[in-house]
Amino acid sequence: MARARHPHRSPDERMMALALSLARRGAGRTSPNPAVGAVVVKAGRIVGEGFHRRAGGPHAELIALRRAGVRARGATLYVTLEPCAHYGRTPPCADAVIRAGITRVVAAADDPNPLVSGRGYRTLRRAGVRVRTRVLAAEARRLNPGFEKAMRTGQPYVVAKIAQSLDGKIAAAGGQSKWITGAAARRLSHRWRAESDAVMVGINTVLRDDPRLSARVGASRQPLRVIVDSRLRTPVRARCLAGGAAVVAACVRRPAAEAALRRRGASVVYAPGRGGRVSLRALGRILVRRGVRRVLLEGGGELLAGALAERVVDEVRWWIAPVLLGGRRSPSAVGGAGAPTLARAVRLSSCTVTRAGRDWCVTGRVRYPL
């Protein structure tokens with residue numbers, strides 16, 4: 001079994017850190033469920049552990065309790081999310097914890113769904129189980145940003161990924177964009193796709209680049225391909241419509257084009273228009289109802305500008321290649337009208353800079369002007 005190495009933390013925090021490390025092993029594979037880890041401890045010894053591997057499969061608590069067996073009686077359960085107390089695809093975990101004879105539960109994050117938050121704790125306490133909550137809660141919430149945001153707001157967690165030249169261009173003056181970044185950056189970007197529920201691009205990117213939008217590194221499943229195409233101009237032979245589920249989002253009805261796309265296997269959804277363009281907030285609500293929790297928005301510049309204008313982007317991952325493209329007509333990473341003043345600029349916080357091959361990636365949380 002894995003061992004926790006956090007000597008500066010309390011015993012509860014060390015065991016929770018281990019549960020969090022187990023939960024990370026399921027990250028990107030459990031959606032629309034959260035990634036969860038659990039550890040059963042008795043008399044100072046770990047007697048069971050587990051993590052949620054996939055939606056529809058047993059939850060982390062059940063796996064850990066099964067491995068603990070009879071040793072679970074009188075033990076403490078450490079779990080990264082409040083045990084559920086409602087029927088979904090699987091029975092309530094809180095009931096299983098009680099039946100196993102667990103006498104103490106230590107949880108990290110509360111269930112973010114306001115309709116069920118706290119029910120798991122109340123069920124346990126009514127049965128006489130001692131409960132401690134919010135141990136390493138911030139770390140646990142960071143583990144499932146898509147689940148957290150979807151449950152609290154009805155919107156998916158959106159990560160904007162851009163690959164640009166050092167002077168801010170996403171394509172050369174002649175339109176060529178393959179490849180601005182090197183192979184190492186592209187491999188990592190494919191891993192991000194594999195961790196996402198959906199990859200989103202605008203129609204201009206489809207018409208210019210004809211991308212596949214598939215995850216070709218570390219993928220146990222393929223993300224949903226989402227094309228934001230207000231007037232249904234997506235070619236029926238576009239590569240992104242092949243080999244996986246695709247959604248074309250529009251705000252203008254064109255019955256013939258819609259029928260052709262549906263014959264190709266794509267879903268066509270309509271969202272309210274916003275200045276002649278698909279409202280990305282409305283589209284976000286549609287995607288969440290389809291089980292999407294995390295979106296990787298890959299461009300182009302006009303789509304990103306619209307997403308920032310509607311304040312739906314939560315995080316950016318900005319690849320910068322050491323190349324200068326120049327050109328007044330070369331497309332920039334962010335289109336649209338732009339911020340009228342510096343005070344209205346979108347800013348980033350908690351920034352980190354990493355390197356992959358020859359390229360740099362700036363990652364940060366988005367902070368919108370007041």
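I would like to begin with strand β4, where six of the six residues are buried, that is, under 20% relative accessible area, so the strand is largely enclosed by the rest of the structure. Please keep in mind throughout that this is a predicted model.

Let me turn to the neighbours of β4. On one side, β4 pairs with β5 in the parallel sense over three bridges, and within that pairing V106 has R132 of β5 as its bridge partner. To get from β4 to β5, the chain passes through helix α4, residues 119-126, in a β-α-β crossover that is right-handed. Strand β4, residues 104-109, is also joined to β3, residues 76-81, by five bridges, and these two strands likewise run parallel; here A107 in β4 stands opposite V79.

Stepping back to the sheet, we have five strands in the order β2-β1-β3-β4-β5, forming an open sheet whose pairing is mixed. The edges are β2, residues 45-51, and β5, residues 130-132, each of which pairs on one side only, and from one strand to the next the twist averages 15°.

Helix α2, residues 60-68, lies across β1, β2 and β3, and in its case the angle of about 140° is to β2.

Note on methods:
Residues numbered from 1 in each chain as written. Predicted model: local features only at pLDDT ≥ 70, side-chain atom pairs only at ≥ 80, totals over all residues. Heavy atoms only, no water. Pairing = 2+ DSSP bridges. Helix = DSSP H or I, 4+ residues; strand = E, 2+ residues; numbered from the N terminus. Axes fitted to C-alpha atoms, helices over the stretch in contact; angles between N-to-C directions. Contact = heavy atoms within 4.5 Å. Buried < 20%, exposed > 50% of the residue type's maximum accessible area, 1.4 Å probe, protein only. Right-handed = clockwise from strand over helix to strand, strands pointing away.
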